[in-house]
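Here is a short briefing to read alongside the model. Have the sequence and the 3D view open as you go.

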Amino acid sequence: MRAHDLRASLNALVSKKVPTFLWGAPGIGKSSIVKQVAEAKGIGFIDLRLALMDPTDLKGIPFYDKESHSALWAPPAFLPQDGEGILFLDELNAAAPAVQSSAYQLILDRSIGEYLLPDGWAIVAAGNREGDRGVTYRMPAPLANRFVHFELEVSVEDWREWAYKNAIDSRIIAYISYKNEHLFCFDPTSGAKSFATPRSWEYVHNILEADVNKTLLLDVLSGAIGKEVAVGFLSFVKVMDRLPDIDAVLSADLQEYPHDVDVLYALSSGVVSRYLQNSSDEVLENILLYTLELKAEFAVLIVQDLQRNGVKMEHLHAFKRWVEKFAYLLA
């Protein structure tokens with residue numbers, strides 16, 4: 001299931017407090033999606049890494065109660081006491097079997113020991129697939145049957161939408177648009193320690209902002225996304241030297257139209273990123289007029305990326321001209 005559809009499904013199931021389990025390869029954003037759902041709903045979010053816990057961490061510690069002359073369980077402070085939100089049990093299938101057993105009652109009965117999960121809280125869990133070379137334990141059938149299961153797939157389109165909204169370096173967006181297969185290069189049969197994933201491309205963004213010495217940049221990027229992909233990315237970055245002046249495009253002062261595919265990908269992501277940082281109807285009109293002379297697929301790419309990021313353009317005269325020219329590609 002793609003990220004967009006998964007968010008919509010989670011939004012509905014969380015409202016009804018249906019326990020949900022997300023499966024997927026490492027680094028593709030499972031925990032980020034759950035957190036986004038909580039933020040969009042304006043509710044709490046607690047992330048518990050069960051692989052780091054002991055069985056008593058969930059159930060609590062027993063203590064002697066003088067009044068009842070019996071042992072009671074003191075629940076852990078990290079579990080929610082009131083309000084509403086999502087209790088996210090990450091790496092559930094990487095937790096030891098004894099810890100998974102401790103989670104049974106919390107997931108099914110919404111209680112464990114003396115603790116009762118507040119009515120406003122939903123449970124969502126996640127884990128890597130058994131074939132992904134991570135530390136996992138086969139989930140017992142009784143526990144698996146307590147969840148609605150989804151498997152998250154990697155989508156370049158969804159990632160590009162996220163990247164624009166989070167102001168990821170336009171060079172990275174352009175490269176992934178040009179080389180879709182380099183968004184996610186995880187091979188469970190390989191012994192490589194570094195490989196490209198949506199998460200590691202976010203690291204690349206931070207590395208570029210860190211202003212690493214150019215002589216070290218290849219080695220540093222290789223440590224995040226692997227050497228082969230790092231070489232390809234840095235080679236692509238050189239394309240930026242052949243880009244038209246994006247500010248001139250936005251101000252309608254440029255009539256230069258590149259023809260090389262790699263340059264067009266870089267130009268498309270650069271125009272969209274720059275507009276999202278400084279938007280106005282006048283600038284949008286200039287962009288639409290400029291795209292009228294671009295190769296058709298890149299004119300459509302720019303407009304669709306803007307629309308996916310909530311940009312309204314139907315009221316502009318230039319958009320009517322744009323539709324007249326490119327409507328056949330949208331059918």
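In which sense do strand β5 and β8 pair, and over how many bridges? Strand β5 (residues 84-90) pairs with β8 in the parallel sense, over 6 bridges; two strands count as paired if DSSP finds at least two bridges between them. This is a predicted model, in which local features need pLDDT of at least 70, side-chain atom pairs count only at pLDDT 80 or more, and totals for chains, interfaces and linings use all residues. Residues are numbered from 1 along each chain as its sequence is written, and side-chain values use heavy atoms, with hydrogens and water left out.

**Overall picture**
- The protein has 15 helices and 9 strands, which are DSSP runs numbered from the N terminus (helices: H or I, at least four residues; strands: E, at least two).
- Of the 331 residues in the protein, 47% are buried, meaning under 20% relative accessible area with a 1.4 Å probe, protein chains only.

**Around strand β8**
- Because 8 of the 8 residues of β8 (residues 120-127) are buried, this strand is largely enclosed by the rest of the structure.
- Phe-21 has Ala-125 in β8 as its bridge partner.

**Around helix α7**
- Buried residues in α7 (residues 170-178) include Ile-172, Ile-173 and Tyr-175.
- Their cover includes α6 (156-165), α8 (198-209), α10 (227-237) and α12 (261-277).
- Asp-169 caps the N-terminal end of α7, with a side-chain oxygen 2.8 Å from the backbone nitrogen of Arg-171.

Methods: Buried < 20%, exposed > 50% of the residue type's maximum accessible area, 1.4 Å probe, protein only. Contact = heavy atoms within 4.5 Å. Polar contact = N/O pair within 3.5 Å; in protein donor to acceptor, adjacent residues only side chain to side chain.
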